Amino acid sequence: MGTNISLEEKFQAYVDAENKVEPKDWMPEKYRKTLVRQISQHAHSEIIGMQPEANWITRAPSLRAKLILLAKVQDEAGHGLYLYSAAETLGTSRDQMIADLQSGKAKYSSIFNYPTPSWADMGTIGWLVDGAAIQNQVMLTRTSYGPYARAMVKICKEESFHQRQGYEVVMKLAQGTPEQKKMAQESLNRWWWPSLMMFGPSDDNSPNSEQSMRWKIKRKSNDTLRQEFIDKTVPQAHYLGLTIPDPDLKWNDERGSYDFGEINWDEFYNVIQGNGPCNKDRITHHVKAHEEGAWVREAALAYAEKEAKRKENRTSAA
Amino acid sequence: MGGGWLNGVKRDFTKEEALEEYLFFLADDALILGQQLSKWCSAGPVLEQDIAIINTALDHIGRARLLYQHLAEIKGGATTEDSLAYFRDHMDFRNALLVEQPNGHWGDSIVRSFFIDTFNFYLYDALRNCTYAPIAEIAEKSIKEIAYHAQWSAEWVVRLGDGTEESHGKVQKSIDDLWMWAGELFESAPVFEVLDPSFVAFPTLKSAWLNKVDEVLQMATLARPEDDAWAQTGGRYGIHSAHLGYILAEMQSLPRTYPDATW
């Protein structure tokens with residue numbers, strides 16, 4: 001018992017001194033679990049997040065836009081791959097993580113349970129959803145777990161690029177024909193509140209936050225990050241001539257920040273619990289692709305085994 | 001109809017017209033194949049292959065853009081790469097019928113890619129010596145990625161053919177089913193006679209293609225259908241399968257709904 005306490009104390013002191021934790025270091029079991037949960041959730045978000053955007057690749061309205069969107073979704077697949085690898089350093093296999101995603105045990109960002117009926121959503125997602133993700137991820141470049149922090153540095157660079165591209169799509173619409181402006185505004189109306197929900201429950205309702213802050217996995221609270229995002233994004237909307245769909249939104253001189261209306265937490269918890277418009281579609285699509293690919297994965301494995309055996313025979317014959 | 005037409009299809013071309021036709025052969029193959037492959041995004045058998053196939057789709061669409069941009073330059077006026085991609089109808093597309101065939105399962109898409117990638121490899125390799133500089137430059141720029149595509153799809157044919165009994169059966173069927181769409185790649189077209197021989201005439205690529213296909217299929221323990229089997233043709237003259245209508249309807253929907261918009 002005594003040793004255990006001192007190991008945890010030593011760990012806390014190590015983290016407090018701004019050292020990075022590496023895969024082979026001792027760590028509290030709960031730290032490991034928290035990280036696996038968070039990193040795999042992040043990886044799943046990248047992978048499930050491919051779907052709402054892949055939805056528009058075949059219909060992108062210019063060849064340039066098609067290439068940019070394809071490249072973006074490819075980046076997301078790449079991010080998913082790094083993050084699965086980062087989570088694997090903590091002893092959980094990718095197969096296990098994917099099984100947990102498909103069974104509903106593991107979660108992904110609730111934002112991807114909203115549909116993308118409009119081309120404008122390809123802009124809004126880049127601008128708001130990637131914008132919100134960056135707000136969170138810049139913080140995570142300094143997270144205490146080394147492999148996660150390093151993955152975040154690379155991912156953040158690409159995400160900022162995506163956000164600029166998304167903003168460019170919205171700008172073209174906002175400065176375009178009346179129909180295009182309408183498209184941009186309608187899309188903003190749908191995505192604004194779900195984007196704010198991406199930062200998670202408010203601080204007084206966020207059960208995991210306090211411990212994560214102490215371990216320096218997380219360095220800013222949900223509400224702080226949300227406020228920073230709003231303060232940064234509102235002027236961008238104004239610049240585009242778009243209206244944020246919140247009648248209570250108002251600059252507060254005293255706080256030097258925007259006051260904003262009440263988030264519909266009922267909706268947030270319902271979407272997380274599986275009642276969002278696309279929860280079922282997203283998982284069904286993932287499972288379908290996985291099952292339809294089973295024979296291909298089996299073939300690749302069988303071929304690799306045959307090749308290894310042939311190589312072995314060649315070597316022993318030589 | 002004048003003597004230059006046969007069964008409603010134009011048969012005699014000026015040099016300028018033939019050049020445009022040739023560029024459309026290349027560009028439309030690249031665009032339609034890229035469009036088809038992009039549908040695999042988020043649906044591949046394993047994440048690494050999702051990334052690989054998206055990358056391949058990117059290459060094809062990127063190459064299509066270069067070719068359309070050059071066509072737009074030649075045509076002048078209001079023509080742009082996007083007006084060529086989004087505002088032509090099926091009868092003006094010149095892609096081979098092979099690339100408009102549905103994705104099917106992974107093996108179907110792989111075999112379709114293997115046939116066209118192998119063709120593209122010999123074609124673009126030879127086009128690096130085209131006397132027409134814009135084509136030679138595009139070929140030079142693209143050959144590395146095309147070589148990679150050909151290697152990637154050939155490796156998958158081998159893996160599936162020499163993998164499990166199930167995968168062997170599936171990919172053999174893909175080959176048998178898609179074979180009748182492959183022959184068109186080597187069909188003679190009147191434009192080849194108008195252009196100088198450095199604009200590679202597609203029939204000249206057939207023996208190299210067939211040798212490579214034989215080599216790969218042998219490694220894959222797969223059988224090749226007869227090379228003189230009946231081939232469906234028409235794509236190079238604008239006579240397409242019903243699939244192309246849906247591909248274009250999907251791809252072109254937004255610019256056609258809002259023709260005054262820029263994106």
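1. By class, the lining of the second largest pocket comprises nine nonpolar, six polar and five charged residues, where Ala, Val, Leu, Ile, Met, Phe, Trp, Tyr, Cys and Pro count as nonpolar, Asp, Glu, Lys and Arg as charged, and the others, Gly among them, as polar. The model is predicted, with local features needing pLDDT of at least 70 and side-chain atom pairs counting only at pLDDT 80 or more, while totals for chains, interfaces and linings use all residues. Residues are numbered from 1 along each chain as its sequence is written, chains are lettered from A and ligands numbered from 1 in the order in which they are written, and side-chain values use heavy atoms, with hydrogens and water left out.

2. The volume of this second largest pocket is about 390 Å³, and of the 20 residues that line the pocket, A:Ile98, A:His290, B:Pro45, B:Val46 and B:Leu47 are the closest to its centre. On a 1 Å grid over the protein atoms alone, a pocket is an open set of points with protein on both sides within 12 Å along at least five of seven lines, a cavity is a set where a 1.4 Å probe fits but cannot get out, and lining residues have an atom within 4 Å of a point. A volume is the space filled by probe spheres set on the points, which are joined across faces, edges and corners.

3. At least two lining residues of the second largest pocket come from each of α3 (50-57), α5 (94-103) and α12 (279-292) of chain A and α2 (47-75) of chain B, and α12(A) gives the most, with four residues. Helices (H or I, at least four residues) are DSSP runs, numbered from the N terminus.

4. One cavity of 30 Å³ or more is found in a search of the whole structure, and the largest cavity has a volume of about 40 Å³. Its lining includes B:Phe25, B:Asp29, B:Arg63, B:Phe119, B:Tyr124 and B:Arg236, and the elements giving two or more residues to this lining are α1 (15-38) and α5 of chain B. By class, the lining of the largest cavity has seven nonpolar, one polar and three charged residues.

5. Helix α5 (residues 106-127) of chain B and helix α7 (residues 165-182) of chain B have axes that come within 9 Å and cross at roughly 45°, which makes α5(B) oblique to α7(B). Axes are lines fitted to C-alpha atoms, for helices over the stretch in contact, and angles run from 0 to 180 degrees between N-to-C directions; those under 35 degrees count as roughly parallel, over 145 as roughly antiparallel, 65 to 115 as roughly perpendicular and the rest as oblique.

6. The axes of α5(B) and helix α6 (residues 133-161) of chain B are 7 Å apart, at an angle of about 145°, and the residues of this contact (heavy atoms within 4.5 Å) divide into 18 nonpolar, six polar and two charged.

7. Between the chains, helix α13 (residues 294-317) of chain A packs with α7(B) at an angle of about 115°, their axes being 9 Å apart, and α13(A) and α7(B) are therefore roughly perpendicular to each other. A:Trp295, A:Glu298 and A:Ala299 of α13(A) make the contact with B:Glu166, B:Ser167 and B:Lys170 of α7(B).
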